[in-house]
Amino acid sequence: MRLHVANHPLITHKLTVLRDKSTPSSVFRSLATELVTLLAYEATRDVRVEEVTIETPVTTTKGVMLSQPRPLVVPILRAGLGMLDGMVTLLPSAEVGFLGMVRDEETLQPATYAERLPDDLTGRQCFVLDPMLATGGSLIAAIDFLFKRGATDVTCVCLLGAPEGVTAVEAATEGKSVTLVLGALDERLNEHGYIVPGLGDAGDRLYGTV
Ligand code: U5P
C-alpha cells in the first residue's frame, strides 16, 4: 500500500475550518468539495493516459488523454457523496458507482446496504471516496468489493485518517495495488471509534443528523 498524507498550508487551513464544530453544514460542504479537488490532484497522479497526436493552430504535436476503460469514482454513502463533486470536477470523464455502507455503532462492523457498480471492473482504476478512515472497516470492505469485481488498482481519498485505520487497510490489502491519499493523519481513535481530534461524524456535519 502507498500512503500519501497531504502537506500543504491551504489544505491544513481548510481542514482547520472543517474541524471547527461551529462551522455550519453549508460551509462544511463547500470546504469538503474544495479539499477533495486539492487531494484529487495527488490521487490521480498515476491515472492511466495514452499518447495522442493533435493539431495546434501552429503545428502537429503529441499529448496525452485519459485512456479507456474510464476511471470509476465510488463514493461510499452517505458521507462520501460530499466528496463526489470535487473529484469529478478533475475527472469529468469518469463513471460514478455507488456503495452504501453503514457502521454498526456497537460492533463498529460495516455492512453493505446499497450497491450500484458495473458487474465487471476488469482493468478499471477505481477511486473510493470516504471522508473518514477510522477503524478502516468500511474502506477495507469497499476495496475488497472492487477487487472481487476485477478492479486493477484502487486509490482511496479521505479527508482524515487515524493511524489504526491506515494499519488495518495496509494489513488487509497486502500484495494489492492500493493507494491511500489523506488530507491529514490524526492522532488516534477514541473508544467510540471516532477520530481524535477529527471533525465528528462527517455524514452529520454534511447533511444533518438524519
Ligand atoms: N466516521 C465519522 N467520523 C469519525 C469516524 C468515523 O464520520 O470520526 C464514519 C465515516 O462516515 C466513515 C465511517 O464512513 O464512519 C468509517 O468508519 P470505519 O469503518 O473506518 O471505522
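Guide: Here it is; keep in mind that this is a predicted model. Around the ligand there are 15 residues, and the nearest are Arg 103, Thr 135, Ser 138, Gly 200 and Ala 202.

Visitor: Which atom of the ligand does Gly 200 lie by?

Guide: A nitrogen atom, 2.8 Å from a backbone N or O atom of Gly 200. Ala 202 also has a backbone N or O atom 2.8 Å from the ligand, in this case from an oxygen atom. With Asp 130 a polar side-chain atom lies 2.9 Å from a ligand oxygen.

Visitor: OK, and how much of the ligand does the protein cover?

Guide: 92% of the 460 Å² of accessible area that the ligand has on its own.

Visitor: Which pocket is the ligand's space?

Guide: The largest pocket, with a volume of about 570 Å³. Its lining has 27 residues, with Ala 79, Arg 103, Asp 130, Ser 138 and Asp 201 closest to the centre. Elements giving two or more residues to that lining include strand S6 (98-103) and helix H4 (137-148).

Visitor: Switching topic: what's the volume of the second largest pocket?

Guide: About 200 Å³. Among its 15 lining residues, Arg 2, Glu 42, Ala 43, Asp 46 and Thr 179 are closest to the centre.

Visitor: Which element gives the largest share of that lining?

Guide: S1, with three residues. By class, the lining of this second largest pocket splits into five nonpolar, five polar and five charged.

Conventions
Residues are numbered from 1 along each chain as its sequence is written. This is a predicted model: local features need pLDDT of at least 70, side-chain atom pairs count only at pLDDT 80 or more; totals for chains, interfaces and linings use all residues. Side-chain values use heavy atoms; hydrogens and water are left out. A residue is near a molecule or strand if one of its heavy atoms lies within 4 Å of it. A polar contact is a pair of N or O atoms within 3.5 Å; within protein, one must be able to donate a hydrogen and the other to accept it, and residues adjacent in sequence count only if both atoms are side-chain atoms. Accessible areas come from the Shrake-Rupley method with a 1.4 Å probe; for residues, only the protein chains shown count as cover. On a 1 Å grid over the protein atoms alone, a cavity is a set of points where a 1.4 Å probe fits but cannot get out, and a pocket is an open set with protein on both sides within 12 Å along at least five of seven lines; lining residues have an atom within 4 Å of a point. A molecule sits in a cavity or pocket if more than half of its atoms lie within 2 Å of its grid points. Grid points are joined across faces, edges and corners, and a volume is the space filled by probe spheres set on the points. Helices (H or I, at least four residues) and strands (E, at least two) are DSSP runs, numbered from the N terminus. Ala, Val, Leu, Ile, Met, Phe, Trp, Tyr, Cys and Pro count as nonpolar, Asp, Glu, Lys and Arg as charged, and the others, Gly among them, as polar.
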